[in-house]
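Biologist: Could you walk me through a few spots in this structure, in plain words, while we both have it open?
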Amino acid sequence: MIAIICFTDKGKSLAENIAEKYCALGFECSVDSAKKSLGKSYIKTEDLVSKNFKSGNFLLFIGACGIAVRAIAAFVKDKTSDPAVVVMDEGANFAIPILSGHLGGANDFARKLSELTGAQPVITTATDVNNLLSVDSFAKENSMKISDMLLAKKFSAKLLKEKKCTFILPDEIFDCLRIDTFIPKEIAFAKTSEADKSMLSVIVSPFKNLEEGKVLRLIPRCIGLGVGCRKGKNPSEFKDFILRELNKLSIEIDSIAALCSIDLKRDEEALISFSKDYDLPLKFFSAEELSSVKGEFSPSAFVKDVTGVDNVCERSIFACGAKKMILGKCKFDGMTLAVGCTEIPLHFSSRTVRDE
């Protein structure tokens with residue numbers, strides 16, 4: 001949602017022009033005036049901000065920076081949840097991000113506005129100015145969670161001084177890494193066992209870090225859970241079983257990409273409840289689809305009699321795209337679990353690092 005707030009006739013004309021262009025690109029836009037003489041859409045500035053100041057929204061003020069700063073001051077809380085806020089003068093000369101440049105996307109918003117209007121984007125974030133990796137933008141674009149925002153800030157400060165860093169991945173999943181773009185000159189990759197600990201580094205891993213509080217960690221959504229359970233299994237027991245096994249493996253809940261099983265379990269409350277609790281997609285496969293998965297799996301004659309396939313949990317994770325099994329079939333009281341790691345694609349774009 002793009003909310004545009006204007007204060008003058010000329011500003012309203014520009015706002016409507018921008019809204020029309022964004023709507024043509026498939027965005028939902030609103031234009032509101034904070035001046036009574038501009039028509040029926042007049043609403044107080046503070047009310048407009050209150051209405052639109054939420055994560056995921058883009059706020060564009062057509063007017064002076066001072067007005068925008070005072071308008072949003074009471075609502076600013078945290079860079080992980082504040083929305084993108086950009087100010088543009090009514091002459092469309094400059095587009096200035098003033099809040100949430102990276103995580104909220106205000107810098108990108110300003111750049112796009114410059115393409116649509118000819119305005120000059122005024123980017124002031126240090127990593128952008130120095131053509132270096134923006135770790136928070138990178139994390140957002142690659143759907144990763146940042147372990148600690150304070151560490152992210154310290155990382156960026158050190159990167160500005162050292163001009164290079166290493167992305168470290170655990171040995172057991174290093175082969176799952178895929179780089180689908182150019183690699184910025186300041187970045188190198190290494191396995192945990194081969195990393196130079198004296199170098200500035202960031203850990204890309206679904207596993208909890210033993211050095212938590214010292215090294216920045218990016219948590220990719222790369223873990224697939226293949227599950228099965230006895231019909232009517234208690235959701236609470238199922239949840240406890242899954243969490244217990246993930247804890248043994250030191251796997252972060254935030255790294256789970258999907259919960260996978262056979263389509264016979266599509267209506268199983270235990271699976272549905274777990275997926276809702278952690279906002280996870282459920283993926284189901286037919287017995288034929290699971291049987292066609294190549295590999296060596298732990299067979300069960302009982303499971304085959306019931307489902308038509310000799311193994312559900314292990315086959316499910318590979319049907320779901322896993323490249324490597326982290327945990328083979330684990331059984332407990334009528335429940336099964338297998339854990340796999342999918343491919344970890346890393347994408348570096350002009351929005352996360354600027355070419356010189």
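**Notes from the chat**

Modeller: Let us start with E288, which lies in helix α10, the stretch covering residues 287-291, and please keep in mind throughout that this is a predicted model.

Biologist: OK, is E288 buried or exposed?

Modeller: E288 counts as exposed, because its relative accessibility is 61% and the cut-off for exposed is over 50%.

Biologist: And how far apart are the C-alpha atoms of E288 and V309?

Modeller: They are separated by 7.7 Å, although E288 and V309 are 21 residues apart along the chain.

Biologist: Switching to helices, at what angle do α8 and α9 pack?

Modeller: Helix α8, residues 235-248, and helix α9, residues 269-277, pack at an angle of about 60°, and their axes are 8 Å apart. That angle makes α8 oblique to α9, and the crossing in which α8 passes α9 is right-handed.

Biologist: Which residues make that contact?

Modeller: From α8 the contact uses P235, F238, K239, I242 and L243, while α9 contributes E269, A270, L271, S273, F274 and D277. Sorted by type, the residues of this contact are seven nonpolar, one polar and three charged.

Biologist: What else does F238 touch, if I skip residues up to four places away in sequence?

Modeller: With those left out, F238 touches V227, G228, C229, A270, L271, F274 and M335. F238 is also one of the residues that touch the most other members in the largest nonpolar core, which has 52 residues, and the others named with it are F155, F167, L218, L225 and I242.

Biologist: New topic: which loop holds S100, and what is its phi like?

Modeller: S100 sits in the loop between β5, residues 94-99, and α4, residues 106-117, and its phi is positive, about 60°, even though S100 is not a glycine. S100 counts as buried because its relative accessibility is 12%, and buried means under 20%.

Biologist: And D279, where is that one found?

Modeller: D279 is in the loop between α9 and β15, the latter being residues 282-285. Its phi is near 50°, which is again a positive value in a residue other than glycine. D279 is exposed, however, with a relative accessible area of 67%.

Definitions and conventions. Residues are numbered from 1 along each chain as its sequence is written. This is a predicted model: local features need pLDDT of at least 70, side-chain atom pairs count only at pLDDT 80 or more; totals for chains, interfaces and linings use all residues. Side-chain values use heavy atoms; hydrogens and water are left out. Axes are lines fitted to C-alpha atoms, for helices over the stretch in contact, and angles run from 0 to 180 degrees between N-to-C directions. Helices (H or I, at least four residues) and strands (E, at least two) are DSSP runs, numbered from the N terminus. Angles under 35 degrees count as roughly parallel, over 145 as roughly antiparallel, 65 to 115 as roughly perpendicular and the rest as oblique. A crossing is left-handed if the near helix is turned anticlockwise from the far one by less than a right angle, and right-handed if clockwise. Contact means heavy atoms within 4.5 Å. Ala, Val, Leu, Ile, Met, Phe, Trp, Tyr, Cys and Pro count as nonpolar, Asp, Glu, Lys and Arg as charged, and the others, Gly among them, as polar. A nonpolar core is a set of buried Ala, Val, Leu, Ile, Met, Phe, Trp, Tyr and Cys residues joined through side-chain atoms within 4.5 Å. Buried means under 20% relative accessible area, exposed over 50%, partly exposed in between (1.4 Å probe, protein chains only).
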